[in-house]
Amino acid sequence: DIGFDFKTGEGKAFNYYCWGVGCSEVEIDCLTGDHKVLRSDLLMDVGDSLNPAIDLGQIEGAFVQGVGWCTLEEVVFDKITGRCLTLGPGWYKLPGFTDIPIDFRVQILKDAPNKRAIHSSKGVGEPPFFLGCSVMYAIREAIKAAREAEGITSWFNLSLPASCERIRMSCKDNITNLVEG
């Protein structure tokens, strides 16, 4: 029953859809803009796992890669030509050991078979990447709390990646006011 009609937008493209949810807790340093991921809880639907050890490794790895994308990997473009100046991973910082959550809890959803796929499995490689956004949203909430402590309740933009510089400048205090004028 796999088949997708691109003209009508109807049908089913494939049978390996999967779902996941992530929640993260962070701590930010308002003076340096540094952050620490204190805890991340992930739950991933992979159907009937063919190899839970491999699936857990895929989930953890993709999540940390997603954290890197949200907090470290800035793609820079030439403002005149529009040419991408970030030519590969040698041009930005990659996630390291200290970017992994201190308390990292990953679970595979039980009893969620995929009756229409081989051995009731589902895709697991890239989808957990997007759960890394939970770290960026936690950083945003921490910045919001710091701003509220300074009496600032207005909306603020936090572009990706949520780098040290962006976290620091978003916190707002007497020092950032001097820099921004």
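Residues are numbered from 1 along each chain as its sequence is written, and side-chain values use heavy atoms, with hydrogens and water left out. Because the model is predicted, local features need pLDDT of at least 70 and side-chain atom pairs count only at pLDDT 80 or more, whereas totals for chains, interfaces and linings use all residues.

The largest pocket has a volume of about 210 Å³. Grid points are joined across faces, edges and corners, and the volume is the space filled by probe spheres set on them. The lining consists of Asp34, His35, Thr71, Leu72, Lys93, Thr98, Asp99, Ala162, Ser163, Cys164 and Glu165. By class, three of these residues are nonpolar, four polar and four charged; Ala, Val, Leu, Ile, Met, Phe, Trp, Tyr, Cys and Pro count as nonpolar, Asp, Glu, Lys and Arg as charged, and the others, Gly among them, as polar.

Zero disulfides are present in the structure, a disulfide being a pair of cysteine sulfur atoms within 2.5 Å. For Cys70, the nearest cysteine sulfur belongs to Cys133 and is 3.8 Å away. Cys70 is buried, with a relative accessible area of 0%; buried means under 20%, exposed over 50% and partly exposed in between, with a 1.4 Å probe and protein chains only. Cys164 is likewise in no disulfide, the sulfur of Cys171 being the nearest at 11 Å. With a relative accessible area of 34%, Cys164 is partly exposed.

Helices (H or I, at least four residues) and strands (E, at least two) are DSSP runs numbered from the N terminus. Helix α3 spans residues 164-171, and its buried residues are Ile167, Arg168, Ser170 and Cys171. These residues lie on the same side of α3 because they cover an arc of only 170° around the axis, the arc being that of the directions from the helix axis to the C-beta atoms. In general, an α-helix has 3.6 residues a turn, so residues three or four places apart point the same way. The cover over the buried residues of α3 includes β3 (19-28), β4 (35-45), α2 (133-149) and α4 (174-180).

Leu42 is located in strand β4 and is buried at 5% relative accessibility. Beyond its neighbours within four places in sequence, Leu42 contacts Val21, Gly22, Ile59, Phe63, Phe104, Arg105, Val106, Gln107 and Leu131, contact meaning heavy atoms within 4.5 Å.

Most residues other than glycine have a negative phi, and most peptide bonds are trans. A cis peptide bond, with omega of about 0°, joins Leu160 and Pro161; Pro161 is in the loop between α2 and α3. Asp111, not a glycine, has a positive phi of about 55°. This residue, Asp111, lies in the loop between β5 (103-108) and α2 and is exposed at 78% relative accessibility. Lys172, also not a glycine, has a positive phi of about 65°. Located in the loop between α3 and α4, Lys172 is buried at 18% relative accessibility.

Methods. On a 1 Å grid over the protein atoms alone, a cavity is a set of points where a 1.4 Å probe fits but cannot get out, and a pocket is an open set with protein on both sides within 12 Å along at least five of seven lines; lining residues have an atom within 4 Å of a point.
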